[in-house]
Amino acid sequence: MDLNGKVAVITGAAVRIGRSMAMALAEAGVDICIHYRSSKEEAEQTCSEIRELGRKSLAVSADLSDSHQAAHLIMKTAIAEFGRVDILINSASVFENKNLLTSSEDDWDSHLDINLKAPYFLCQKFAKSMQRGQTGHIINLVDWRAQRPGTAHLPYRISKAGLVTLTECLALELAPNIQVNAIAPGAILPPPGQDYSYLEKRAEQIPLKRAGCPQDICDALLFLLRSDFVTGEVLSVSGGEQFTPGV
Ligand SMILES: NC(=O)c1ccc[n+]([C@@H]2O[C@H](COP(=O)([O-])OP(=O)(O)OC[C@H]3O[C@@H](n4cnc5c(N)ncnc54)[C@H](OP(=O)(O)O)[C@@H]3O)[C@@H](O)[C@H]2O)c1
């Protein structure tokens, strides 16, 4: 896809990896609808930096726990502002270290609603919004752990495994007009509440012996969006961590 003049919706795009992807796409000529929940100031700041690059930008707030309503609001707002959406990036996520014995029903619901149900309905609204002759891309942010058994982060892992399955199934259902791919980050940013020593410790067991950075995710994103013959793929950006015993 030639990115210049295209329109993207990115969930969870006010801060961290979502923000980096928004800036990278804006630099590539894309107009951006920034979704956020609580990071209002950061969302407005990101929008203003995108406008400084000469691209259009709009921030929309929605709680993805109310998945179906939020998906409706986000896509409706983006289409009202930009006329169409060409790229959907599902990046907003919750990540709690709960396992079977420590998780509550609320933990299950929040992970499945925000990490899987919201992307599901966003994909549905996006696909239904496509106009005749329009092509598009969906990129889902998953995790290399989604495809591996492990004892930590169980509801998270299950939600991301579901998002991998959604990616693969939609690559078939939405072909040939929409390509659907996933990026599976490894250690890119420390989780909220942790500092960079978390990543330094993780780096010891990463084959490339270092953590990644948001630019690594942006490079993978641009590759997938510019590729016209890749769909249904999960691209690990993890320094090879998916081949280690893992956590
Ligand atoms: N960071 C990593 O190293 C890493 C590793 C593996 C996978 N990933 C995946 O890569 C993606 C981006 O990672 P990240 O670390 O940048 O994400 P993050 O900081 O954990 O979350 C991104 C955004 O999700 C939004 N969010 C959380 N709960 C929400 C809700 N109920 N409704 C709406 N939005 C909600 C928050 O928006 P507000 O701030 O506006 O509330 C938050 O800023 C995620 O899908 C993550 O699972 C990241």
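How many helices and strands does the secondary structure of the chain come to? The count is 7 helices and 7 strands. Helices (H or I, at least four residues) and strands (E, at least two) are DSSP runs, numbered from the N terminus.

This is a predicted model, where local features need pLDDT of at least 70, side-chain atom pairs count only at pLDDT 80 or more, and totals for chains, interfaces and linings use all residues. Residues are numbered from 1 along each chain as its sequence is written, and side-chain values use heavy atoms, with hydrogens and water left out.

**Figure 1. The chain and its fold.** Along the sequence, the elements run β-α-β-α-β-α-β-α-β-α-β-α-α-β. The radius of gyration is 17 Å, close to the 18 Å of the globule rule for 247 residues, so the chain is as compact as a globular protein of that length. That radius is taken over C-alpha atoms; the rule is 2.2 Å times the number of residues to the power 0.38. The C-alpha trace spans about 45 × 40 × 35 Å along its principal axes. Take contacts (heavy atoms within 4.5 Å) between residues at least 6 apart in sequence: 74% join residues at least 24 apart.

**Figure 2. The pair Phe95 and Tyr156.** The structure holds 2 aromatic pairs. Rings of Phe, Tyr and Trp (its six-membered ring) pair if their centres lie within 6.5 Å; planes under 30 degrees apart count as stacked, over 60 as edge-to-face and the rest as tilted. The ring centres of Phe95 and Tyr156 lie 4.6 Å apart with planes at 80°, so this pair is edge-to-face. It links distant parts of the chain, 61 residues apart. Phe95 sits in the loop between β4 (87–90) and α4 (105–129), Tyr156 in helix α5 (residues 154–173). Tyr156 is buried at 7% relative accessible area; Phe95, at 26%, is partly exposed. Buried means under 20%, exposed over 50%, partly exposed in between (1.4 Å probe, protein chains only).

**Figure 3. The pair Tyr120 and Phe121.** These rings also pair edge-to-face: 5.0 Å centre to centre, 70° between the planes. Tyr120 is partly exposed, with 42% relative accessibility. Phe121 is buried, with a relative accessible area of 18%.

**Figure 4. Surface and burial.** Of the 247 residues, 51% count as buried. The accessible surface of the chain is about 11600 Å², with 52% belonging to carbon and sulfur atoms. Areas come from the Shrake-Rupley method with a 1.4 Å probe; for residues, only the protein chains shown count as cover.
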